[in-house]
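Subject: Handing over the structure

Hi there,

Here is the structure I promised to pass on to you. Please open it alongside this message, and my notes on its salt bridges and cores follow below.

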Amino acid sequence: MPLYGPKFSETDFRSGKNIIASEHLQFIEAGATLDATKFATGYNDVGKLVARNVVTGKFEDVSGVDAEEYGNYDNFGILNVDFDNDGETDVVAGEVIVRGSVYEDKLADEVPQAFKEANPQIRYVKHI
């Protein structure tokens, strides 16, 4: 999956995991700059919970953020790409889901209720 930033890179195909539960969805317009210092170093799987930091304007991994801190963020979404992170070089991802249906059990992170409330346009599907 190609991602864009100061360093161009392309990685080999990995797992092909599909988190999308519907053909009707919307990605964030103009892409999202991922703050490399706010994601785990190494491989980050598809389905990361992200939001834009209102101070820096960059998207961060919010999987471990307390609900009380959600006021520091806007544009909550879910990454539909995986990527390797060197911890220094920001990348731009074009596929941040902001509306649609996803398979909750296939996401990289457990989705807290506060995240669901921060973006009610995402529906979480579970098989029974």
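A word on burial before the findings: a residue is called buried when its relative accessible area is under 20%, exposed when it is over 50%, and partly exposed in between (1.4 Å probe, protein chains only). Please keep in mind that this is a predicted model, where local features need pLDDT of at least 70 and side-chain atom pairs count only at pLDDT 80 or more, while totals for chains, interfaces and linings use all residues. Residues are numbered from 1 along each chain as its sequence is written, and side-chain values use heavy atoms, with hydrogens and water left out.

Now to the salt bridges (a side-chain nitrogen of Lys or Arg within 4 Å of a carboxyl oxygen of Asp or Glu). There are five of them in the structure. One joins the side chains of Lys 48 and Asp 61, at 3.0 Å from N to O. Lys 48 sits in the loop between strands E5 (42–44) and E6 (49–53) and Asp 61 in strand E7 (residues 59–61), so this pair ties together parts 13 residues apart in sequence. Strands here, labelled E, are DSSP runs of at least two residues, numbered from the N terminus. Both partners are buried: Lys 48 has 9% relative accessibility, and Asp 61 has 16%. Lys 48 and Asp 61 also belong to a salt-bridge network with Asp 109.

Another salt bridge is formed by Arg 52 and Asp 74, at 2.9 Å from N to O. Arg 52 is in strand E6 and Asp 74 in strand E8 (residues 73–79), 22 residues apart. Arg 52 is partly exposed at 28%, and Asp 74 is partly exposed at 25%.

Lys 58 and Asp 90 make a further salt bridge, at 2.5 Å from N to O. Here Lys 58 is partly exposed at 27%, whereas Asp 90 is buried at 17%.

On to the nonpolar cores (sets of buried Ala, Val, Leu, Ile, Met, Phe, Trp, Tyr and Cys residues joined through side-chain atoms within 4.5 Å). The largest has 18 residues, and those with the most contacts inside it include Ile 19, Val 62, Leu 107 and Phe 115. Strand E8 gives the most to this core, with three residues. Leaving aside residues up to four places away in sequence, Leu 107 touches Ile 19, Val 46, Gly 47, Ile 78, Val 102 and Tyr 124, a contact being heavy atoms within 4.5 Å.

Best wishes

Terms used:
Helix = DSSP H or I, 4+ residues; strand = E, 2+ residues; numbered from the N terminus.
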